[in-house]
Amino acid sequence: MFKKIMFPVDLGALDALERALDIAVRMAREGGAELCFVGVYGSAPSSEAHFTAKYKEKLAAFAAQQGAAHKLKTSAYPAFSHDPAVEIASTLLDAIGETGADAVVMASHMPGWMEHVFHSNAGYVACHAPVSVFVVR
(Lines give C-alpha, C1' and ligand atoms only; values in the text may rest on other atoms or scores of the structure.)
Protein backbone atom coordinates (compact mmCIF):
# COMPACT_ATOMS: atom_id res chain seq x y z
CA MET A 1 0.00 0.00 0.00
CA PHE A 2 2.18 2.89 1.27
CA LYS A 3 5.92 2.69 1.84
CA LYS A 4 6.49 5.83 3.93
CA ILE A 5 3.81 7.64 5.90
CA MET A 6 4.53 11.16 7.08
CA PHE A 7 3.03 12.18 10.41
CA PRO A 8 3.33 15.85 11.41
CA VAL A 9 4.04 16.23 15.12
CA ASP A 10 3.57 19.14 17.48
CA LEU A 11 5.71 18.13 20.45
CA GLY A 12 3.87 20.68 22.57
CA ALA A 13 0.45 19.10 21.95
CA LEU A 14 0.99 15.34 21.85
CA ASP A 15 -2.32 14.63 23.60
CA ALA A 16 -4.19 16.17 20.64
CA LEU A 17 -2.50 13.70 18.28
CA GLU A 18 -3.58 10.45 19.92
CA ARG A 19 -6.38 9.48 17.55
CA ALA A 20 -4.46 10.41 14.40
CA LEU A 21 -1.35 8.64 15.70
CA ASP A 22 -3.35 5.48 16.36
CA ILE A 23 -4.59 5.50 12.75
CA ALA A 24 -1.11 6.20 11.36
CA VAL A 25 0.37 3.36 13.42
CA ARG A 26 -2.30 0.93 12.21
CA MET A 27 -1.79 1.97 8.58
CA ALA A 28 1.98 1.58 8.87
CA ARG A 29 1.74 -1.75 10.66
CA GLU A 30 -0.79 -3.25 8.23
CA GLY A 31 1.10 -2.04 5.17
CA GLY A 32 4.64 -2.60 6.43
CA ALA A 33 5.40 1.11 5.97
CA GLU A 34 7.87 3.36 7.72
CA LEU A 35 6.32 6.07 9.87
CA CYS A 36 8.18 9.38 9.51
CA PHE A 37 7.53 11.95 12.24
CA VAL A 38 7.93 15.49 10.94
CA GLY A 39 8.28 18.40 13.32
CA VAL A 40 8.39 22.01 12.17
CA TYR A 41 10.64 24.29 14.20
CA GLY A 42 12.02 27.80 13.97
CA SER A 43 15.12 29.58 15.19
CA ALA A 44 13.31 31.18 18.15
CA PRO A 45 13.16 29.25 21.43
CA SER A 46 9.88 27.44 21.95
CA SER A 47 8.09 25.64 24.74
CA GLU A 48 9.33 22.34 23.28
CA ALA A 49 13.01 23.29 23.23
CA HIS A 50 15.16 26.36 23.71
CA PHE A 51 17.77 25.24 21.18
CA THR A 52 17.54 23.70 17.71
CA ALA A 53 19.70 20.74 18.71
CA LYS A 54 17.43 20.02 21.68
CA TYR A 55 14.34 20.09 19.46
CA LYS A 56 15.91 17.65 16.99
CA GLU A 57 16.90 15.42 19.91
CA LYS A 58 13.35 15.44 21.33
CA LEU A 59 11.81 14.66 17.94
CA ALA A 60 14.23 11.78 17.35
CA ALA A 61 13.53 10.41 20.84
CA PHE A 62 9.77 10.61 20.23
CA ALA A 63 10.13 8.75 16.91
CA ALA A 64 12.33 6.07 18.50
CA GLN A 65 9.91 5.66 21.41
CA GLN A 66 6.97 5.24 19.03
CA GLY A 67 8.92 2.74 16.94
CA ALA A 68 9.77 0.65 19.99
CA ALA A 69 6.27 0.86 21.45
CA HIS A 70 4.55 -0.17 18.21
CA LYS A 71 7.29 -2.34 16.69
CA LEU A 72 7.53 -0.17 13.58
CA LYS A 73 10.30 1.32 11.51
CA THR A 74 10.23 5.03 12.32
CA SER A 75 12.27 8.10 11.49
CA ALA A 76 12.32 11.75 12.50
CA TYR A 77 12.54 14.68 10.14
CA PRO A 78 12.95 18.13 11.71
CA ALA A 79 11.82 20.74 9.17
CA PHE A 80 13.12 24.27 9.64
CA SER A 81 10.91 27.28 9.02
CA HIS A 82 11.77 30.96 9.47
CA ASP A 83 8.25 31.59 10.78
CA PRO A 84 6.50 28.33 11.75
CA ALA A 85 3.24 30.09 12.67
CA VAL A 86 2.88 31.38 9.11
CA GLU A 87 4.76 28.77 7.07
CA ILE A 88 3.79 25.49 8.73
CA ALA A 89 1.57 24.22 5.91
CA SER A 90 4.04 25.06 3.14
CA THR A 91 6.89 23.60 5.20
CA LEU A 92 4.91 20.36 5.59
CA LEU A 93 4.30 20.27 1.83
CA ASP A 94 8.05 20.62 1.23
CA ALA A 95 8.70 17.85 3.77
CA ILE A 96 6.60 15.42 1.73
CA GLY A 97 9.10 15.57 -1.11
CA GLU A 98 12.15 15.83 1.13
CA THR A 99 11.22 12.70 3.09
CA GLY A 100 9.93 10.72 0.12
CA ALA A 101 6.60 10.15 1.84
CA ASP A 102 3.84 8.66 -0.28
CA ALA A 103 1.05 9.39 2.24
CA VAL A 104 0.35 11.80 5.09
CA VAL A 105 -1.74 11.20 8.20
CA MET A 106 -2.32 14.31 10.25
CA ALA A 107 -4.51 15.56 13.05
CA SER A 108 -6.83 18.52 12.70
CA HIS A 109 -9.05 20.48 15.02
CA MET A 110 -12.77 20.89 14.53
CA PRO A 111 -13.38 23.71 12.04
CA GLY A 112 -14.60 27.03 13.35
CA TRP A 113 -15.47 30.36 11.83
CA MET A 114 -11.84 31.10 10.93
CA GLU A 115 -11.81 28.11 8.55
CA HIS A 116 -14.54 29.80 6.52
CA VAL A 117 -12.01 32.51 5.72
CA PHE A 118 -8.66 30.70 5.99
CA HIS A 119 -7.73 27.08 5.41
CA SER A 120 -6.62 25.06 8.39
CA ASN A 121 -3.08 23.67 8.06
CA ALA A 122 -4.47 20.17 7.47
CA GLY A 123 -6.94 21.50 4.92
CA TYR A 124 -4.21 23.34 3.06
CA VAL A 125 -1.95 20.28 3.00
CA ALA A 126 -4.82 18.05 1.85
CA CYS A 127 -5.68 20.46 -1.00
CA HIS A 128 -2.11 20.91 -2.25
CA ALA A 129 -0.21 17.69 -1.48
CA PRO A 130 0.92 15.46 -4.34
CA VAL A 131 0.14 12.36 -2.22
CA SER A 132 -2.83 10.98 -0.30
CA VAL A 133 -3.58 12.92 2.89
CA PHE A 134 -5.70 11.51 5.69
CA VAL A 135 -6.99 14.20 8.04
CA VAL A 136 -8.15 12.92 11.42
CA ARG A 137 -10.34 14.94 13.77
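How many helices and strands are there in the protein chain?

1. There are four helices and five strands, where helices (H or I, at least four residues) and strands (E, at least two) are DSSP runs numbered from the N terminus. Along the sequence the pattern reads β-α-β-α-β-α-β-α-β.

2. This is a predicted model, in which local features need pLDDT of at least 70 and side-chain atom pairs count only at pLDDT 80 or more, while totals for chains, interfaces and linings use all residues. Residues are numbered from 1 along each chain as its sequence is written, and side-chain values use heavy atoms, with hydrogens and water left out.

3. Of the 137 residues in the protein chain, 41% are buried (under 20% relative accessible area, 1.4 Å probe, protein chains only).

4. Strand 2 (residues 34-41) is mostly covered, with eight of its eight residues buried. In a regular strand the side chains alternate between the two faces of the sheet. Here Glu34, Cys36, Val38 and Val40 point one way, and Leu35, Phe37, Gly39 and Tyr41 point the other way.

5. Phenylalanine 7 stands opposite phenylalanine 37 in strand 2, and tyrosine 41 stands opposite phenylalanine 80 in strand 3.

Conventions: Buried means under 20% relative accessible area, exposed over 50%, partly exposed in between (1.4 Å probe, protein chains only). Two strands pair if DSSP finds at least two bridges between them.
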